[in-house]
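Please open the model in your viewer and keep the selection panel at hand.

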Amino acid sequence: MAALETQLTELQKQYDDFKTLGLQLNMARGKPGSGQLDLSAGLLGAFPSYKLEDGTDARNYGILNGIPECRNLFAGLLGINADRIIAGASSSLNVMFDTMASLCLFGTGGGKPWHYYKFEGTPVKFLCPVPGYDRHFTICEELGIEMIPVPLLEDGPDMDMVSELAAKDPLIKGIWCVPLYSNPEGVCYSDEVVDRLASMETAAEDFRIFWDNAYGVHHFEERTPLKDILAACESAGHPDRTYYFFSTSKITFPGAGVALVASGEKNINELKKHMSAQTIGHNKLNQLHHVQFFKTPEGIRHHMELHAKELAPRFQMVLDWLEREISGTGYARWTSPKGGYFISLYTKPGCASRTVELAKNAGLTLTPAGAAYPYGNDPEDSHIRIAPSYPSLEELEKAMKLFCICIKLAATEHLLKEEKEN
Ligand code: PMP
């Protein structure tokens, strides 16, 4: 106990010293840093022409599903059939919300609108691999879809649990997936997981996989392969099971790039019908500029190598600090992703909220503890999402020094409390 008290006093002093610096650091969201944004500066310049290959004037209305050259570019990049892509909105989250909302309003494949069940008093449910992306969970909350957490393992969701739940409950209508460098774990789905998702029995005929491949080309070094879910669903006899989402938010400019949804033929026709009531067409000039800027899928891949050069040192710095300050203490464990935007850190149970609070009070804003769980409820109060992309390396160094003190301080407070109680 005495040793812990001495440690607490020492850590408290280090923490108080930090507080006097009046820092204002932010590692809350996965925002690209300014160096990354500068890589796409060419998109802000003048473009050679506003004519499409077939002579269409891109300045005018039309082409609801996106200009062919843009769909072809992403088809080549992602290995998807260009006819099954609707491209053009500027945020994939927006497309996910609209897709979910149209399922609630209209249903799919002749099934009842999902909100029918809500108004009958038995809302539909979605499987949510955890930890996961907080904004997916917000979509469900906003639309009144119940969320069932499922553990995310090293190679994807716990498929034994997913298959069992999906097979027995017709109100389970789907699952959220971030299949490459998942937010926030950095998990990449194995071929086996992709195949099981595509082929599993589901009690709901209108079961849908929301496949958010937000980090599909965001490798640091080696390119981790990802099995083609749309092809796997097709060969398993479920061609319309998956909606595949992607965007250039973390390739060019967040919220000002190009987003897409791809799916089976029936789903795409349904979506186009709803979309045609919503808009006459998306921003074709932006689509064309992206095509003119990148030219080929290889152009995008090369661009992502430049992003990796910005991101990898930031991730390394976080990992180095954790290794140096925390490893061997038993106060936390963390992930070492090979791409994407996040590192997950697990404190001792009961310490995550306190760690985040301490950081906040000393000027470092982190994602709220628990945010990566449905309803913000991390039952262990242990998970913290680290987003190293936005701060400069200099700021990150300060942020990590402070963060490590906060981890140790929260753990020491917790241990002392436990000792006093025993
Ligand atoms: N999906 C995931 C998994 C994300 O992490 C993010 C951004 N943080 C988004 C979607 C948002 O994408 P967009 O900007 O295209 O809406």
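Begin by selecting Phe74, Tyr244 and Leu260, which are the residues with the most contacts inside the largest nonpolar core, a set of 122 residues. A nonpolar core here is a set of buried Ala, Val, Leu, Ile, Met, Phe, Trp, Tyr and Cys residues joined through C-beta atoms within 7 Å. A residue counts as buried if 20 or more other C-beta atoms lie within 10 Å of its own, as exposed if 12 or fewer do, and as partly exposed in between, with C-beta atoms placed from the backbone. Helix 14 (residues 393-421) gives the most to this core, with 11 residues, and the core draws at least three residues from each of domain 1 (2-30 + 301-421) and domain 2 (45-295). In soluble globular proteins, nonpolar side chains tend to be buried together.

Before going further, note that this is a predicted model, in which local features need pLDDT of at least 70 and side-chain atom pairs count only at pLDDT 80 or more, while totals for chains, interfaces and linings use all residues. Residues are numbered from 1 along each chain as its sequence is written. Helices (H or I, at least four residues) and strands (E, at least two) are DSSP runs, numbered from the N terminus.

Stay with tyrosine 244 and display its surroundings: leaving out residues up to four places away in sequence, Tyr244 touches Ile80, Trp211, Asn213, Ile229, Leu230, Val261, Ala262 and Ser263. Contact means that the C-beta atoms of two residues, placed from the backbone, lie within 7 Å.

Now colour the two domains, domain 1 (2-30 + 301-421) and domain 2 (45-295), whose bounds come from an automatic or database domain assignment. Their centres, taken over C-alpha atoms, are separated by 31 Å. Across the boundary, 22 residues of domain 1 are in contact with 25 residues of domain 2. On the side of domain 1 that touches domain 2, the elements giving two or more residues are helix 12 (297-325) and strand 13 (383-386), and helix 12 provides the largest share, six residues. By class, that side of domain 1 has 12 nonpolar, seven polar and three charged residues, where Ala, Val, Leu, Ile, Met, Phe, Trp, Tyr, Cys and Pro count as nonpolar, Asp, Glu, Lys and Arg as charged, and the others, Gly among them, as polar.

Move on to helix 7 (residues 159-168), where Met159, Val162 and Ala166 are buried. Viewed down the axis of helix 7, the buried residues fall within an arc of 60°, so they line one face of the helix; the arc is that of the directions from the helix axis to the C-beta atoms. The face turned away from that buried side carries the exposed residues Asp160, Glu164 and Lys168. Among the elements covering the buried residues of helix 7 are strand 3 (125-130), strand 4 (146-153) and helix 8 (191-199).

Helix 6 is the next selection, and His136, Phe137, Ile139 and Cys140 are buried in it. These residues cover an arc of only 150° around the axis, which puts them on the same side of helix 6. The buried residues of helix 6 pack against helix 4, strand 3, strand 4 and strand 6, and just after helix 6, glycine 144 takes a positive phi of about 70°.

For the last stops, inspect the backbone. The peptide bond from valine 130 to proline 131 is cis, with omega near -5°, and proline 131 is found in the loop between strand 3 and helix 6 (134-143). A cis peptide bond also leads from asparagine 183 to proline 184, with omega near 5°, and proline 184 is found in the loop between strand 6 and helix 8. Lysine 295, although not a glycine, has a positive phi of about 70°; Lys295 lies in the loop between helix 11 (284-294) and helix 12 and is exposed, with 12 other C-beta atoms within 10 Å.
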